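Dear colleague,

I am handing over the structure we spoke about, with the sequence alongside. Please look it over first, and then read the notes that follow.

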Amino acid sequence: MKLTVFGATGGVGREVVTQALAAGHEVTAVVRDPARLAAVPHDRLRVAVVRDLTDAQALVHVLEGRDAVVSALGSANNRQAKAAPVTGPALRAVLAAMDRAGVTRLAAVSAAPVGPDVPGEDFFARAVFLPVLRRVLRDLYADLAVMEAALAASTARWTVVRPPRLLNRPGTGTYRRVVGGNVPGGRTIPRADVAHALLAALDDPSTVCRAVGVAT
């Protein structure tokens, strides 16, 4: 499969690139700083520098001839509380560029708090943990919600993967997955498992136009 990966130098994005190459895919990694992928040389890896991810016309050339898109843009790319929204505007441009390039399949990372609460979740999670998290990081989650709304309004064959807190640990390979909801009791997941879920979704028709909760 020929893939274009956005957010390729972030924690999840680098895992997507590494795992996709290991699986035999051809990868175009869209970056601002190519030096951050210098340690991942590969004959099936093309690094494309794009400075403005909100410029749809500038994105068309990195999408032409591709089979699918993976967006690893997310809250980790916009940690400053007062920073301008990144992911929502970028995904709008990506979707417009996909239309022009004739690409329809996309998997994008979001976050569990953007999704619905899990029925039967414990009192602490429902009454304390999630409300506090959503208040403290409301700008980040609002940005991801804009992204999800843009996907839902598009004609793309999209999948959103919603992880809880991300960990810098080796992938488990045994993470839990819920199509259409969040994982009960899901609090953490390694970035490597999120990358695996994004890539696996591309070949899973049950996830098309659905959100998928993942957690260990």
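A contact, as the word is used here, means heavy atoms within 4.5 Å of each other. On that basis, residues 24 or more positions apart account for 69% of the contacts in the protein chain that have a separation of 6 or more. Please bear in mind throughout that this is a predicted model.

As for the chain as a whole, it holds six helices and ten strands, and 49% of its 216 residues count as buried. The accessible surface of the protein chain comes to about 10,000 Å², and carbon and sulfur atoms contribute 54% of that area.

The sheet comes next. Eight strands form an open sheet with mixed pairing, in the order S3-S2-S1-S4-S5-S6-S10-S8. Its edges are strand S3 (45-49) and strand S8 (176-179), each of which pairs on one side only, and neighbouring strands are turned against each other by 20° on average, direction ignored. At the S8 end, S8 pairs with strand S10 (residues 210-215) in the antiparallel sense over four bridges, and Arg-176 has Ala-215 in S10 as its bridge partner. Helix H6 (residues 191-201) packs on this sheet, where it touches strands S1 (2-6), S4 (68-71), S5 (105-109), S6 (157-162) and S10, and the direction of H6 makes about 160° with that of S5.

Helix H1 (residues 11-22) has twelve residues and reaches 17 Å from its first C-alpha to its last, close to the 16 Å expected at 1.5 Å a residue. Its buried residues are Val-12, Gly-13, Val-16, Val-17, Ala-20 and Leu-21; because these cover an arc of only 160° around the axis, they lie on the same side of H1. The cover over the buried residues of H1 includes S1, S2, S3, S4, strand S7 (165-167) and H6. After H1 comes Gly-24, whose phi is positive, near 95°.

Is Thr-28, at 2% relative accessibility, buried or exposed? Thr-28 lies in strand S2 (residues 26-31), and Thr-28 counts as buried because its relative accessibility of 2% falls under the 20% cut-off. Leaving aside residues up to four places away in sequence, Thr-28 touches Leu-3, Thr-4, Val-5, Arg-46, Ala-48, Val-62 and Arg-66.

Note on methods: Residues are numbered from 1 along each chain as its sequence is written. This is a predicted model: local features need pLDDT of at least 70, side-chain atom pairs count only at pLDDT 80 or more; totals for chains, interfaces and linings use all residues. Side-chain values use heavy atoms; hydrogens and water are left out. Helices (H or I, at least four residues) and strands (E, at least two) are DSSP runs, numbered from the N terminus. Buried means under 20% relative accessible area, exposed over 50%, partly exposed in between (1.4 Å probe, protein chains only). Two strands pair if DSSP finds at least two bridges between them. Axes are lines fitted to C-alpha atoms, for helices over the stretch in contact, and angles run from 0 to 180 degrees between N-to-C directions. Accessible areas come from the Shrake-Rupley method with a 1.4 Å probe; for residues, only the protein chains shown count as cover. The expected span of a helix is 1.5 Å times one less than its number of residues. The arc is that of the directions from the helix axis to the C-beta atoms.
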